[in-house]
Every structure is written in structure tokens, then in C-alpha cells.
Amino acid sequence: MHMTSFITILSVYYAFILNFPIDQKIYQLSTSGSMIFSYISPILLTFAFIIIFSLLAVPYLFKVLFIGITLTSALAFYASIKYN
């Protein structure tokens with residue numbers, strides 16, 4: 001897998017799946033006035049994660065670094081869903 005496709009898949013995963021509690025809160029807060037922002041916010045997060053992950057893309061440390069970051073963020077996601 002190429003680095004760019006890995007960064008894109010990882011950033012989509014972070015923006016849509018791991019930030020679900022944040023997206024859910026945005027959907028709740030934007031009831032009628034600015035619904036378009038609630039639909040665009042995961043897309044904006046995806047682009048922000050692509051930029052951040054591209055800056056951290058060191059060839060030999062990238063996959064190892066992001067395995068640790070993904071495991072840590074998955075634990076935080078589980079805790080926010082389970083104990084909220």
C-alpha cells in the first residue's frame with residue numbers, strides 16, 4: 001500500500017469513525033440553522049487529518065507510530081461511548 005492511500009484511509013477512519021462522539025454532538029447542536037456545517041464537519045476533519053498525517057509521514061516510523069496512535073484513540077473512543 002502506498003503512503004498516500006494509507007494516509008487517506010487512516011484520516012477517513014479517524015474523521016468518520018473515531019470522532020463519532022464529536023460529530024454526534026455537532027449534529028445535536030445544529031438543529032435547523034446550519035445543517036450544512038454538520039454534514040461538512042467530518043469532511044473538514046478528514047482534510048485536516050490528511051495534512052497532519054502527511055507531516056508525520058516518516059518512512060520507517062509511520063506505520064509503527066500510527067498503530068500506537070490508533071490503538072490509543074480506539075481506547076479513548078470506547079471509553080467515551082461506554083462511560084458517557
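Helix 3 buries Ser38, Ser41, Pro42, Thr46, Phe49 and Phe53; buried means under 20% relative accessible area, exposed over 50% and partly exposed in between, with a 1.4 Å probe and protein chains only. These buried residues pack against helix 1, helix 2 and helix 4 (62-82). This is a predicted model, in which local features need pLDDT of at least 70 and side-chain atom pairs count only at pLDDT 80 or more, while totals for chains, interfaces and linings use all residues. Residues are numbered from 1 along each chain as its sequence is written, and side-chain values use heavy atoms, leaving out hydrogens and water.

**Overall picture**

- Along the sequence, the pattern reads α-α-α-α.
- Along the principal axes, the C-alpha atoms fill a box of roughly 45 × 30 × 20 Å.
- Of the 84 residues in the protein, 25% are buried.
- Take the contacts (heavy atoms within 4.5 Å) between residues at least 6 apart in sequence: 69% of them join residues at least 24 apart.

- Helix 3 covers residues 35-55, which is 21 residues.
- At 1.5 Å a residue, helix 3 should span 30 Å; the expected span is 1.5 Å times one less than the number of residues.
- The end C-alpha atoms of helix 3 lie 31 Å apart, which agrees with that span.
- Helix 3 bends by about 35° at Ser41; the bend is the angle between axes fitted to the seven residues ending there and the seven starting there.
- Ser41 is itself a helix 3 residue, and it counts as buried because its relative accessibility is 5%.
- Beyond residues up to four places away in sequence, Ser41 touches Asp23 and Ile26.
- Phe37 also belongs to helix 3, but it is partly exposed, with a relative accessible area of 42%.
- Phe37 contacts Ile26 and Leu44, leaving aside neighbours within four places in sequence.
- Phe37 and Thr72 are 35 residues apart along the chain, and their C-alpha atoms are separated by 28 Å.

**Helix 1 with helix 2**

- Helix 1 spans residues 3-18 and helix 2 spans residues 20-29.
- The two pack at an angle of about 55°, with axes 6 Å apart; axes are lines fitted to C-alpha atoms, for helices over the stretch in contact, and angles run from 0 to 180 degrees between N-to-C directions.
- Helix 1 and helix 2 are therefore oblique to each other; angles under 35 degrees count as roughly parallel, over 145 as roughly antiparallel, 65 to 115 as roughly perpendicular and the rest as oblique.
- Helix 1 makes this contact through Ala15, Phe16, Ile17 and Leu18, and helix 2 through Phe20, Pro21 and Asp23.
- Those contact residues comprise six nonpolar, no polar and one charged; Ala, Val, Leu, Ile, Met, Phe, Trp, Tyr, Cys and Pro count as nonpolar, Asp, Glu, Lys and Arg as charged, and the others, Gly among them, as polar.

**Helix 1 with helix 4**

- Helix 1 and helix 4 pack at an angle of about 10°, and their axes are 12 Å apart.
- That angle makes helix 1 roughly parallel to helix 4.
- Helix 1 contributes Met3, Phe6, Ile7, Leu10, Tyr13, Tyr14, Ile17 and Leu18 to the contact.
- Helix 4 contributes Phe62, Lys63, Phe66, Ile69, Thr70, Ser73, Ala74 and Phe77.
- By class, this contact has 13 nonpolar, two polar and one charged residues.

- Ser11 sits in helix 1.
- Ser11 counts as buried, at 0% relative accessibility.
- Leaving aside neighbours within four places in sequence, Ser11 is in contact with Thr46, Phe49, Ile50 and Phe53.
- Thr46, Phe49 and Phe53 are among the buried residues of helix 3.
- Ser11 and Tyr27 are 16 residues apart along the chain, with 20 Å between their C-alpha atoms.
- Ile67 is in helix 4.
- Ile67 is exposed, with a relative accessible area of 52%.
- Ile67 and Ala48 are 19 residues apart in sequence and 19 Å apart in space, C-alpha to C-alpha.

Terms used:
Helix = DSSP H or I, 4+ residues; strand = E, 2+ residues; numbered from the N terminus.
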